[in-house]
Amino acid sequence: MLTLNKRGFTTGAGAAAAAKAAAIFLKTGTLPKSVHILLPNVKESLLINIHSGTLTLNINTATASVIKLSGDDPDVTNGLEIVAALRLLKHSIHGIAVTGGAGVGRVTKEGLQQKVGDWAINPVPRAMITQSVSEVFSDDSVRLEIEISVVNGELAALKTFNPRLGITGGISILGTTGIVEPMSVDAIKETVKCEIDVSFCENPDSICLAPGKIGEDALRRILQPSRVVQFSNFPGFAMDYVKQKGFRHTIIGGHPGKLAKILMGYADTHSGRSPQATAFVAEFMGLNDNYNTVEEIIGKVANIGGDFTKLAHEICVKIQNIYRIPSIDVYLFDMKKTLIGHSTCTG
């Protein structure tokens with residue numbers, strides 16, 4: 001079981017904890033002070049404190065809430081109250097439906113992980129919510145509705161990228177790991193450096209790198225490497241150190257929304273220090289329409305039978321020219337971790 005020190009938890013983890021507490025409250029009549037939720041890696045659990053709850057037995061409804069904790073990486077969602085309202089509809093028909101409520105955004109543009117009109121609750125958090133409630137009602141044949149809402153979420157969302165992404169009315173329920181890692185730049189760079197050192201000790205010939213979870217999972221699936229080093233928003237720092245260590249071959253995998261920023265000339269790809277890559281990728285792919293996200297562009301290119309091999313190649317060449325890395329492979333994946341482009345450059 002994980003304990004939180006300087007790390008926080010995602011809005012998705014908070015929603016899952018609130019939903020589980022509401023389920024326990026409805027089933028037992030007692031609101032738990034805290035609950036364990038299973039993290040998406042299904043190997044670890046996380047203990048989250050419960051803030052408040054209500055129980056209305058005559059209509060089979062319970063609510064529970066969690067105060068969002070962002071750890072040492074406080075963002076606009078830190079301190080927000082995430083509420084889960086759970087309603088048992090009837091027995092004999094099993095099923096769990098997850099919806100949004102006040103303070104949770106709705107999708108109004110194409111290119112996100114949800115369809116236009118859906119609540120901005122991403123697939124991983126949705127699965128976490130369902131899993132957490134299923135643990136409580138595992139032996140029951142029941143139909144449950146869970147509504148996730150966020151107190152003051154609409155106001156907080158104005159300080160996020162949601163308005164630019166076409167998500168209106170609230171924040172998004174996000175998170176692929178359940179955990180918010182502290183974002184001290186020095187600490188992250190030191191961690192990246194340490195892991196590159198470890199990777200060099202394990203295999204001085206080759207290293208696998210990824211900006212985040214999408215690239216790591218996809219590379220592990222197709223190449224089965226023993227280690228994939230995540231470099232977060234710092235590809236330039238990672239490449240400099242990889243060059244310094246003397247790896248003969250470097251493999252990089254990730255979403256083009258992140259890796260295209262290298263081709264744009266950014267060694268730091270943080271959204272606050274570099275622009276979104278959407279317009280650049282659209283122009284590179286010869287598309288004239290306006291797109292909301294790079295993922296929307298990926299869908300458009302797939303529909304016309306194209307791929308991102310050329311983009312992968314140009315990223316490959318750019319990295320080789322800047323960092324003088326002798327041999328490099330670049331793999332591009334969509335949000336579903338499907339390979340959409342690959343190129344190899346050798347000295």
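How do the axes of helix H8 and helix H11 cross, and within what distance do they come? Here are my notes on that and a few other spots; keep in mind that this is a predicted model.

1. **The two helices.** Let's take the opening question. Helix H8 covers residues 256-263 and helix H11 covers residues 309-323. Their axes come within 8 Å and cross at roughly 45°. As for handedness, H8 passes H11 in a left-handed crossing.

2. **Who touches whom.** Have a look at the side of each helix that faces its partner. On H8, the contact is made by Pro 256, Leu 259, Ala 260, Ile 262 and Leu 263. H11 brings Leu 311, Glu 314, Ile 315, Lys 318 and Ile 319 to the contact.

3. **A pair of rings.** The structure has three aromatic pairs. One of them joins Phe 200 and Phe 247, with 5.2 Å from centre to centre and 90° between the planes. The pair is edge-to-face because planes over 60 degrees apart get that label.

4. Phe 200, at 24%, counts as partly exposed.

5. **Charges over rings.** The charged end of Arg 106 sits over the ring of Trp 119, 3.8 Å from the ring's centre. Over the ring of Phe 137 you'll find the charged end of Lys 27, and here the distance to the centre is 5.4 Å.

6. **Asn 152 and its backbone.** Which loop holds Asn 152? Look between strand S10 (142-150) and helix H3 (153-157). Phi of Asn 152 is near 65°, a positive value in a residue that isn't glycine. With 54% relative accessibility, Asn 152 counts as exposed.

7. Arg 324 is in the loop between H11 and strand S17 (327-333). Arg 324 also has a positive phi without being glycine, with a value near 55°. Its relative accessible area is 55%, so Arg 324 is exposed.

How values were computed. Residues are numbered from 1 along each chain as its sequence is written. This is a predicted model: local features need pLDDT of at least 70, side-chain atom pairs count only at pLDDT 80 or more; totals for chains, interfaces and linings use all residues. Side-chain values use heavy atoms; hydrogens and water are left out. Rings of Phe, Tyr and Trp (its six-membered ring) pair if their centres lie within 6.5 Å; planes under 30 degrees apart count as stacked, over 60 as edge-to-face and the rest as tilted. Buried means under 20% relative accessible area, exposed over 50%, partly exposed in between (1.4 Å probe, protein chains only). A charge sits over a ring if NZ of Lys or CZ of Arg is within 6 Å of the ring centre and within 35 degrees of the ring normal. Axes are lines fitted to C-alpha atoms, for helices over the stretch in contact, and angles run from 0 to 180 degrees between N-to-C directions. Helices (H or I, at least four residues) and strands (E, at least two) are DSSP runs, numbered from the N terminus. A crossing is left-handed if the near helix is turned anticlockwise from the far one by less than a right angle, and right-handed if clockwise. Contact means heavy atoms within 4.5 Å.
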